[in-house]
Amino acid sequence: MMMTIISRILVVSALLAAPSNAFMGGTPKKQRSTRLKAVPYKIGAKTEGVLMNNRFVVDSLRQVVPDDMEMGDVDLLRFALAYPDDRVGAEKALKNAIKWRKTTGKSIVDAAKDAVAKATANGGWDNEVVRDAAPHADVINNFITPKAVITTSTEDGDLVYVIRASQIDDKELMNKASVEQVCDFFMYAKEVHNIVANKRSEKGRLCSVLFANDISGVRKAPDKRFSQALTS
């Protein structure tokens, strides 16, 4: 395919979390726990089976969710799978996610939810609706084009998210937008992926996101500010 480097990333907290290790970030530190231990699964496993194996864990995390916060079983399952041996880590990540979604990230979450609803209103997918609703789209969309960042699906229904670095003038982008603005833009994209992945997971297999960084044609190191926005 078009990718030269591909790494698989399970959407464990996919946009549910603030830009932290609860999302697609760093590797969780493992701690032994008798109260909470998720049962691992293989990519392509049936959602019903994975939930059944981890029902105790999901129900335990459910106690952390406030009544006014909408989180389904699949949402909570991803936190459990991200921290299979770490009760404290899973709960902390979930609490951080809830806080982010109710404060700093609320506008991002709401915009993504509304955009996906509109994009799928006619039974298909209107990508322009989603692009136009992104934070700071008036500036960033000039650089993050459909040729530069691509989301597609595997035959099994997993999402494939490809960033083609050679198609992005990252230095000029970062001269026009701040690190925080670009970070918000990508958090919105991840929230869109999260919504789509969870909806697909309800229909059968647990949907994952495969992330590919296509560096073909790249002749220089990426702008440090752009790298910071991507990893925040």
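Okay, let's start with a cysteine: Cys 183 sits at 9% relative accessibility, so it counts as buried (under 20% relative accessible area, with exposed over 50% and partly exposed in between, 1.4 Å probe, protein chains only). Cys 207 is buried too, at 1%. And disulfides? The count is 0, taking a disulfide as a pair of cysteine sulfur atoms within 2.5 Å.

Quick housekeeping. This is a predicted model, where local features need pLDDT of at least 70 and side-chain atom pairs count only at pLDDT 80 or more, while totals for chains, interfaces and linings use all residues. Residues are numbered from 1 along each chain as its sequence is written, and side-chain values use heavy atoms, with hydrogens and water left out.

Now helix 5, residues 106-119: 14 residues, reaching 20 Å from first C-alpha to last, close to the expected 20 Å (1.5 Å times one less than the number of residues). Helices here are DSSP runs of H or I, at least four residues, and strands are E runs of at least two, numbered from the N terminus. Which residues of helix 5 are buried? Ile 108, Val 109, Ala 112, Ala 115, Val 116 and Ala 119.

On to salt bridges, meaning a side-chain nitrogen of Lys or Arg within 4 Å of a carboxyl oxygen of Asp or Glu. The whole structure has 13. One of them joins Arg 164 and Asp 214, with the closest N and O atoms 3.7 Å apart. Arg 164 is in strand 3 and Asp 214 in strand 4, so the pair ties together parts 50 residues apart in sequence. Arg 164 is partly exposed at 25%, whereas Asp 214 is buried at 3%.

Then there's Lys 102 with Asp 68, at 3.2 Å. That pair links helix 4 to the loop between helix 2 and helix 3, 34 residues apart. For a local case, take Glu 172 and Lys 176, at 4.0 Å, N to O: they're 4 residues apart in helix 8, about one helical turn.

Last stop, the hairpin. Strand 2 and strand 3 pair antiparallel over 5 bridges; pairing needs at least two DSSP bridges. Val 149 has Ile 163 as its bridge partner, and Gly 157 takes a positive phi near 105 degrees.
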